[in-house]
Amino acid sequence: MHARNHWGGSFDVNHGEEEKSWNTEWDRAALQSQQQDRSLDETQQGWLLGPPQTKKKDKYVDLGCIVCSRKAFKWTLISILSAFIVIAVPIIIAKSLPKHTRRPPPPDNYTVALRKALLFFNAQKSGNLPKNNGISWRGNSGLNDGKEEMDLKGWLVGGYYDAGDNTKFHFPMAFSMTMLSWSLIEYSHKYQSIGEYDHIRDLIKWGTDYLLLTFNSSATKIDKIYCQVGGSLNGSIATPDDHYCWMRPEDMDYKRPVQTAYAGPDLAGEMAAALAAASIVFRDNGAYSRKLIKGAQTVFAFARDGSKRRSYSRGNPYIQPYYNSSGYYDEYMWGAAWLYYATGNVSYISLATNPGLSKNSKALYDIPTNRALSWDNKLPAAMLLLTRYRIFLSPGYPYEDMLHMYHNVTALTMCSYLKEFHYFNWTQGGMIQLNLGKPNPLQYVANAAFLANLFADYLNATGVPGWNCNSRFFSSEYLRNFATSQVDYILGKNPMNMSYVVGYDKKFPRHVHHRGASIPHNNIKYSCTGGWKWRDSQNPNPNNITGAMVGGPDRFDHFRDVRTNSNYTEPTLAGNAGLIAALASLTRSGGHGIDKNTIFSAVPPLYPKSPPPAAPWRP
């Protein structure tokens, strides 16, 4: 039994609905508050982070060896295609278009003449000619030269015939090789540009190979030099020889005597210069260059032998009337300068600057003939060559005093070439008379043109605008104008309106005093006197000896194109060598300026080297 509830109602308390109602009201308020808070958080997040993004799943491309994203693959393809359009398409279009290569500018007149002048040496070759000699009317000749000299292993086959006869004069031949080498050393870039570099090297080597046969080049000391092959006795009558007979060199059947010099510092000095200069040309062929240097040293030692100091031509009737030497101290200076450049041996530069040489050669004297370079007088060339040493290397003591004097004399020589000073006579047509009005003037003119333009190039290479003649200053253009005027005279700007170089321009000598050029190349051998009809013919030569510079006009600018007058119409090796050097200096087809450094390749440092650093200090 249950107790009674005094308070009314049942003792059972019903909490379910009340609790449910209370909890519902309470939870709804809390939920509303939470929803407001959540809504506020999402808004704030939106302000900071933006709207929520749905992350997409990357897609990939399987290429077999690699797997890459589809997006990267797409952009890679686009890049390759763009590169193809930008790079490959223009190349394909350019390749498909017809090519219009720009032609090089035509060669100037000096280049045209230079190419022809070189061919003269091809026409003068003796011995077994190469197939590419390029002169159709020339063949093998002189194959028995020197055969009777039993001590000659290769006899005396080769070399060059000197002029219109068939004689090989070794003195002017050596000078010609020196001049060709000098022009190539100074202007090698020009010869390369006009495509004649290999040609002139072949010509030089043809000459130096032969010069090495004329003495025992394998020895260190010699007692003789073979100085001439062929020739004639002056005034000989009815004796078959190179002057009496008029025969092609291929048909020679008469005796060709060999001349031997047991003394001759002039000949030996020039041969040393030729071999030494050529050794610089062939410095890329070490064995041959060393062979040339050895030969040059051997033959120069012969020149310096005190017991052999007399001219090679003295008392020799085969030489003296034709290539008589007036002295040998100029060859001492000339040969020593080239040997110094070739070897770097200071004994040679000491000799070249020895005051005794200038005294005995009269190099410092004001003598007109000393200022004209020729096969006989090397003074102006030797002093210019040594002036080059002073200009570019400034060696100082103990050479400076003499080099300074040589420089002054060289400057005065250049002054003497200017018409303003009236040092030399000039023809009315504009030719300087360096040989004082004697025959065969053009070889002297060409040599002077070369020296003048070369000196101007030396000045320009050092940034010097000119030089002084006493108190007057002249720009280097005066020298260029002189050189240009003289070479232009040779090429046709003269009162005769005639080019004195065969084959250049339309009007040139047609009756050149030259046996091979005047006799037809018709497989008929004409005898010693049978060729006289071609010598005396009034018809032009059947063979043009292209590039030959003839002797030239007289002092009145008159020229006679007559075969029998050698003073006008005979060419020479020495003359053409000077012409080639002058043309190479003047041509602009192959660039400008000189090669300053090649000639000094063997010259040692002029000043002592810096001492080595001290050893590190150790405590």
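In this chain, residues 24 or more positions apart account for 73% of the contacts with a separation of 6 or more. Contact here means heavy atoms within 4.5 Å. The model is predicted, so local features need pLDDT of at least 70 and side-chain atom pairs count only at pLDDT 80 or more, while totals for chains, interfaces and linings use all residues. Residues are numbered from 1 along each chain as its sequence is written, and side-chain values use heavy atoms, with hydrogens and water left out.

The chain holds 20 helices and 7 strands. These are DSSP runs, numbered from the N terminus: helices are H or I with at least four residues, strands are E with at least two. Of the 619 residues, 50% count as buried. Buried means under 20% relative accessible area, exposed means over 50%, and partly exposed lies in between, with a 1.4 Å probe and protein chains only.

Start with helix 4, residues 170-186. Its 17 residues should span 24 Å at 1.5 Å a residue, and its end C-alpha atoms are 24 Å apart, which agrees. The expected span is 1.5 Å times one less than the number of residues. Helix 4 is mostly covered: 17 of its 17 residues are buried.

What does helix 4 pack against at an angle of about 30°? The partner is helix 7, and the two axes are 8 Å apart. Axes are lines fitted to C-alpha atoms, for helices over the stretch in contact, and angles run from 0 to 180 degrees between N-to-C directions. Helix 4 and helix 7 are therefore roughly parallel to each other. Angles under 35 degrees count as roughly parallel, over 145 as roughly antiparallel, 65 to 115 as roughly perpendicular, and the rest as oblique. The crossing of helix 4 and helix 7 is left-handed. That term applies if the near helix is turned anticlockwise from the far one by less than a right angle; clockwise makes a crossing right-handed.

On the helix 4 side, the meeting residues include Phe171, Phe175, Met177 and Ser181. Helix 7 contributes Leu267, Met271, Ala277 and Val281, among others. The residues of this contact divide into 14 nonpolar, 3 polar and 2 charged. Ala, Val, Leu, Ile, Met, Phe, Trp, Tyr, Cys and Pro count as nonpolar, Asp, Glu, Lys and Arg as charged, and the others, Gly among them, as polar.

Ser181 is found in helix 4. Ser181 counts as buried, at 0% relative accessibility. Setting aside residues up to four places away in sequence, Ser181 touches Ile204, Ala277, Ala278 and Val281. Ser181 and Leu203 are 22 residues apart in sequence, and their C-alpha atoms are 9.8 Å apart in space. Ser279 sits in helix 7, residues 265-281. Ser279 is also buried, with a relative accessible area of 3%. Its contacts, not counting residues up to four places away, are Ser289, Leu292, Ile293 and Ala342.

Move on to helix 10, residues 329-343. Its 15 residues should span 21 Å, and its end C-alpha atoms are 21 Å apart, which agrees. Of those 15 residues, 13 are buried, so helix 10 is largely enclosed by the rest of the structure. Just after helix 10, Gly344 takes a positive phi of about 80°.

Next comes the loop between helix 12 (355-361) and helix 13, where Ala372 is found. Is Ala372 buried or exposed? Ala372 is buried, with a relative accessible area of 5%. Beyond its neighbours within four places in sequence, Ala372 is in contact with Asn377, Pro380, Leu434 and Tyr444. The C-alpha atoms of Ala372 and Val445 are 73 residues apart along the chain and separated by 8.5 Å.

Helix 13 (residues 379-393) packs with helix 14 (residues 400-416) at an angle of about 120°, with axes 8 Å apart. That makes helix 13 oblique to helix 14. This crossing is left-handed. The contact divides into 8 nonpolar, 4 polar and 2 charged residues.

Finally, some backbone exceptions. Most residues other than glycine have a negative phi, and most peptide bonds are trans. A cis peptide bond joins Tyr397 and Pro398, with omega about 5°. Pro398 is in the loop between helix 13 and helix 14. Asn497 has a positive phi, near 50°, and Asn497 counts as exposed at 57% relative accessibility. Asn523 has a positive phi of about 65° and is exposed, with a relative accessible area of 79%.
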